[in-house]
Amino acid sequence: MIKSAKRKITVAVTGLNAVDSPGPGVAVIRGIRDCEDFDVRIIGLSYESLEPGIYMEGIADKVYQIPYPAAGTETLLSRIEYIHAIEKIDVIIPNFDAELHNFIKISPLLKEFGIATFLPTNEQFESRDKVNLFKFGEKHGFLIPKDKTIYDLSELPAVAKDFGYPLVVKGKYYEATVAYTLEQAQKAFHKLNAKWGLPIIVQEFISGTEVNIAALGDGEGNTISAVPMRKLFITDKGKAWAGITLEEQSLIDLAEKFISATKWKGGFEIEIMRTQDGKPYIMEVNPRFPAWIYLTVGAGQNQPASLVKLALGEKVEPYTTYAVGKLFIRYAWDLITDVSEFQKISAFGEL
Amino acid sequence: MKIHSNLAVSDSGFIFNPSNGDSFSTNVVGADIIRLLKLGKSLTDIKKDISVKYDVEPTVFEKDYEDFISQLQDHFLVNND
């Protein structure tokens, strides 16, 4: 009998909502599965019963529902303890902004269970928060659009007068709307407040070409990987439906400068608006892999697999090349399943 | 004037600018001009090369060449260094 020399590991991944505004989980799992160094068992962690990644063939070997972030860290820890008792998880990769705070908080306890993570520190996480980004840019010499955090609708007219129109109204965690009038800005404030709560961030509008970088830092200031991508097709929610890898050293340099300045640990995405005269304004830094992360795998830098190796304490050499002009094109696909499957995840929280 | 050295041009005239992801289509004459520009050829050399290959009057070529270069500039594919 031939025994596999590959290391057997179990990796738990969140963000299975492969919908029109997708979570990164399915793409992260595809990257890990593509890595030939592992014999991997994937545990999907879901929040809702209709996240497509729960049902997709070849993605998760087993799925467990976990409590929403609002339930708190104790509930989350207790659920993971239960799952770990059955599955013996080696690594957990959380993929949502809103859940990261809890996972960062419980990561020392997870370590005691024998579960590795590779997450930014709370300080790193907070420094790139939309609320703190402008100050962060000033401190480290990055171009960031001016912004103002507001807690009340009455603050909006004064901010709008200062920034002029158009301006960008952003939710605490997700979503942004470009407003051309005070009425549009007020409407966006109400919508984002209802969905994500306060505060709301109002930001100066920067005109240019949007470019994103997916990157991985080793936590010691070194860049393991950085791949820039331009969105070629954008959905009405501002999400990339198609994109292409770019060759632009200044973008790699920017990612490296960010990692060096923050000693970032883990995956992240920098959203940049490049003005016509070439100035790169950082619009956002997302503290986890983006949903298009599988493009980095296609371009030759498997960031999800590298993160797993780093989490397991392995030495990972920085990537030096990637394929320029690699495209991803997302697509919609009707997956057929049986109500019994839906019933299992809905009633028992497992599938 | 210099054309961006990393510009990719296929035989069919598909142009890809890897710095910003822009892509364009040109005809085979345009693709030839871009290839010659990438080789660092002067206008005189390009005019000679294209005139022989495509049997075009030098005065007609010069006018079309100016138009073409102007389009390349509009799309940030050349710079004036």
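These legends accompany close-up views of a predicted model.

**View 1. Here is the model at a glance, with its confidence scores.** The complex is a prediction, and the predictor assigns it an ipTM of 0.76 and a pTM of 0.87. For chain B the mean pLDDT is 88, with 98% of the residues at 70 or more.

View 2. Of the 81 residues in chain B, 15% are buried. Among the contacts in chain B with a separation of 6 or more, 37% link residues 24 or more positions apart.

**View 3. Helices H2 and H3 of chain A meet in a right-handed crossing.** Look for H2(A) at residues 73–87 and H3(A) at residues 97–113; their axes come within 10 Å and cross at roughly 35°. On the H2(A) side, the contact is made by Thr73(A), Leu76(A), Leu77(A), Ile80(A), Glu81(A) and His84(A). H3(A) contributes Asn102(A), Lys105(A), Ile106(A), Leu109(A), Leu110(A) and Phe113(A).

**View 4. Four antiparallel strands of chain A form an open sheet in the order E5-E8-E6-E7.** The edges are E5 (147–150) and E7 (176–179) of chain A, each pairing on one side only. Neighbouring strands are turned by 25° against each other on average, direction ignored. Within the sheet, E5(A) pairs with E8(A) (residues 200–204) over four bridges, and Thr149(A) stands opposite Ile201(A).

**View 5. Two helices of chain A, H6 and H7, lie across strands of this sheet.** Helix H6(A), residues 156–163, lies across E5, E6 (167–170) and E8 of chain A, and runs at about 20° to E8(A). Helix H7(A), residues 182–196, lies across E6, E7 and E8 of chain A, at about 15° to E6(A).

**View 6. Strands E12 and E13 of chain A make an antiparallel pair.** Six bridges join E12(A), residues 265–274, to E13(A). Opposite Ile282(A) in E13(A) you will find Ile272(A). The hairpin has five residues between its strands, and here Gly278(A) takes a positive phi near 90°. Strand E13(A), residues 280–286, is mostly covered, with six of its seven residues buried.

Definitions and conventions. Residues are numbered from 1 along each chain as its sequence is written. Chains are lettered from A and ligands numbered from 1 in the order in which they are written. This is a predicted model: local features need pLDDT of at least 70, side-chain atom pairs count only at pLDDT 80 or more; totals for chains, interfaces and linings use all residues. pLDDT is the predictor's confidence in each residue, from 0 to 100. A residue is buried if 20 or more other C-beta atoms lie within 10 Å of its own, exposed if 12 or fewer, and partly exposed in between; C-beta atoms are placed from the backbone. Two strands pair if DSSP finds at least two bridges between them. Two residues are in contact if their C-beta atoms, placed from the backbone, lie within 7 Å. Axes are lines fitted to C-alpha atoms, for helices over the stretch in contact, and angles run from 0 to 180 degrees between N-to-C directions. A crossing is left-handed if the near helix is turned anticlockwise from the far one by less than a right angle, and right-handed if clockwise.
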